[in-house]
Amino acid sequence: MTDSTSAPSTSEHPPRTRPDATESPQNRLSPSTPSGAAELAHLKMSLHRSLRQYPDFPAPGIRFEDILPLFSDHRLHSSLIRALELQVTDSYGQKQTPDVVVGLEARGFLFGPSLALALGAGFVPVRKQGKLPGATETVAFEKEYGQDFFQIQSDAIKPDQRVIVVDDIIATGGSAAAAGSLVKKLGGTLIGYLFILELDFLKGRDKLDAPVHTLLSSQEKAASKT
């Protein structure tokens, strides 16, 4: 008989020196501990340094901060998901984390499923009209160029499930507010919104009726030209 402690590592028997991929999120460090808070602070600094800035885009006087470099390197990507996980547990406590993460089309799909997996939650997409099969709920919202529509599958969220809505950046807040209204249509409990960055000067959070959390601060206004 082979000793289990000396058996070769496989996907079913990971090496003891590495963390088990199935480890419950509740067993990890949280920002409520000194080490968890230090980890979150360190991750935020590292992630912010990795953003790419484009002055005067998409309009003069605006400095665009590009989040895509956070996904081009697997270490940064992993750090982003870990930081978002810590942000959620810091905001809601380890016993009050969401049952469902709702991601907005399209960039909410970049990290929403991974965050849901880290939190032990389900992931539900909110998509533009006509892209989801089966019965759906629909809501209209205003964009800078006119009206648009979001949809969610009618059975995607169960009544009273705790839900957080995620997207990459909050600007005017219209699309996030629309997603929040879809959550409520299905009977979910909307506990908040989570974004990587916020364009503060557009005051989008004023349109949202649940707590808003952003991972990184942003300096959108470019310095005055000389």
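Q: Is Asp-209 buried or exposed?
A: Burial is read from relative accessible area, computed with a 1.4 Å probe on the protein chains only: under 20% is buried, over 50% is exposed, and values in between are partly exposed. Asp-209 has 52% relative accessibility and therefore counts as exposed. Please note that this is a predicted model, in which local features need pLDDT of at least 70 and side-chain atom pairs count only at pLDDT 80 or more, while totals for chains, interfaces and linings use all residues. Residues are numbered from 1 along each chain as its sequence is written, and side-chain values use heavy atoms, with hydrogens and water left out.

Q: With which side chain does Asp-209 meet in a salt bridge?
A: Side chains of opposite charge can pair when their charged atoms come close. The rule requires a side-chain nitrogen of Lys or Arg within 4 Å of a carboxyl oxygen of Asp or Glu. The partner of Asp-209 is Lys-184, at 2.3 Å from N to O. Lys-184 belongs to helix 5, whereas Asp-209 sits in the loop between strand 8 and strand 9, so the bridge ties together parts that are 25 residues apart in sequence. Helices (H or I, at least four residues) and strands (E, at least two) are DSSP runs numbered from the N terminus. Lys-184 is partly exposed at 42%.

Q: How many salt bridges does the rule give?
A: The count is 10. One of them pairs Glu-105 with Lys-131 at 3.0 Å, N to O. Glu-105 is in the loop between strand 3 and helix 4, and Lys-131 in the loop between strand 4 and strand 5, so this pair ties together parts 26 residues apart in sequence. Glu-105 is buried, at 16% relative accessibility, and Lys-131 is partly exposed, at 44%. In another bridge, the closest N and O atoms of Arg-205 and Glu-198 are 2.8 Å apart. Arg-205 is partly exposed at 34%, while Glu-198 is buried at 7%. Salt bridges with shared partners also join Glu-39, Arg-82 and Glu-85 into one network.

Q: How many aromatic pairs does the structure hold?
A: A pair of aromatic rings is described by the distance of the centres and the angle of the planes. Rings of Phe, Tyr and Trp (its six-membered ring) pair if their centres lie within 6.5 Å; planes under 30 degrees apart are stacked, over 60 edge-to-face, and the rest tilted. The structure holds four such pairs. In one of them, Phe-109 and Phe-123 have ring centres 6.2 Å apart and planes at 90 degrees, so the pair is edge-to-face. Phe-109 lies in helix 4 (residues 108-119) and Phe-123 in strand 4 (residues 122-128), so parts 14 residues apart in sequence are tied together. Phe-109 is partly exposed at 27%, and Phe-123 is partly exposed at 26%. Tyr-193 and Phe-195 form a stacked pair, 6.4 Å centre to centre with 5 degrees between the planes. Tyr-193 is buried at 1% and Phe-195 is buried at 2%.
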